[in-house]
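Here is a short report on one chain. Look over the sequence and the model before reading on.

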Amino acid sequence: MTSQEEAQLFAQASSGKNPAALESLQVAANNGYAVAQFNLGAVYANGQGVPQNYAIAYALFNLAAVGDTKDSINRDSISQQMTEAAIESGQNLTRMMQSLGVTAAINAYSSK
């Protein structure tokens, strides 16, 4: 996926008007694309097209942060707005994403 395609996908997903774009962003994040993980984290952090959820955003930023300090800065920034319990949930969700995949973990977490 090119950076231009990523940008278009993010714009469509964050508008909340294109559920297919959000699903495509989840698939890309699930396939390990750090940019997609970061962008999906931003969608959840800002509640753009999805309910705002800092724990999910934290987990996605955490995944994207592997090898990229820019994304760890975003993770650390959002953690300042979270309680210790929410951070722990985000860390647990990161582990779920690593074992189940991004989409399955978000679905499992959201259905609690």
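How many salt bridges does a search of the whole structure find? The search gives 1 salt bridge. This is a predicted model, and every value below is computed from it.

## The salt bridge

The pair is R75 and D76. Their side chains meet at 3.1 Å, N to O. R75 has a relative accessible area of 17%, so it is buried, since the limit is under 20%. D76 has 37% relative accessibility and counts as partly exposed, because that value lies between 20% and 50%.

## Overall fold

The chain has 7 helices and 0 strands. Along the sequence, the pattern reads α-α-α-α-α-α-α. The chain holds 112 residues, and 43% of them count as buried.

Contacts also reach along the sequence. Take those in the chain with a separation of 6 or more: residues 24 or more positions apart account for 49% of them.

## The nonpolar core

The largest nonpolar core holds 31 residues. Within this core, L40, Y44, I56, L60, M97, V102 and I106 touch the most other members. Five elements are listed as giving two or more residues to the core: α2 (19–30), α3 (34–46), α4 (54–64), α6 (84–100) and α7 (102–110). The most comes from α4, with 9 residues.

I106 touches Q26, L40, Y44, I56, L60 and M97, leaving out residues up to four places away in sequence. M97 lies in helix α6. M97 has 4% relative accessibility and counts as buried. With residues up to four places away again left out, M97 touches I56, A59, L60, L63, V102, A105 and I106. M97 and A29 are 68 residues apart along the chain, and their C-alpha atoms are separated by 9.9 Å.

## Helix α3

How does the span of α3 compare with what its 13 residues should give? At 1.5 Å a residue, the helix should span 18 Å. Its end C-alpha atoms are 18 Å apart, which agrees. Just after α3, G47 takes a positive phi of about 65°.

Is α3 largely enclosed or largely open? Of its 13 residues, 10 are buried, so the helix is largely enclosed by the rest of the structure. The buried residues are A36, Q37, F38, N39, L40, G41, A42, V43, Y44 and A45.

Q37 is one polar example from this helix. Its relative accessibility is 7%, so Q37 counts as buried. Setting aside neighbours within four places in sequence, Q37 is in contact with A29, G32, L60, L63 and A64.

## Packing of α2 on α7

At what angle do α2 and α7 pack? The angle is about 115°, and the axes are 8 Å apart. From α2, the contact uses Q26, A29 and N30. From α7, it uses V102, T103 and I106. The residues of this contact divide into 3 nonpolar, 3 polar and no charged.

V102 and I106 are among the core residues that touch the most other members. A29 is also one of the contacts of Q37.

Note on methods: Residues are numbered from 1 along each chain as its sequence is written. This is a predicted model: local features need pLDDT of at least 70, side-chain atom pairs count only at pLDDT 80 or more; totals for chains, interfaces and linings use all residues. Side-chain values use heavy atoms; hydrogens and water are left out. A nonpolar core is a set of buried Ala, Val, Leu, Ile, Met, Phe, Trp, Tyr and Cys residues joined through side-chain atoms within 4.5 Å. Buried means under 20% relative accessible area, exposed over 50%, partly exposed in between (1.4 Å probe, protein chains only). Helices (H or I, at least four residues) and strands (E, at least two) are DSSP runs, numbered from the N terminus. Contact means heavy atoms within 4.5 Å. A salt bridge is a side-chain nitrogen of Lys or Arg within 4 Å of a carboxyl oxygen of Asp or Glu. The expected span of a helix is 1.5 Å times one less than its number of residues. Axes are lines fitted to C-alpha atoms, for helices over the stretch in contact, and angles run from 0 to 180 degrees between N-to-C directions.
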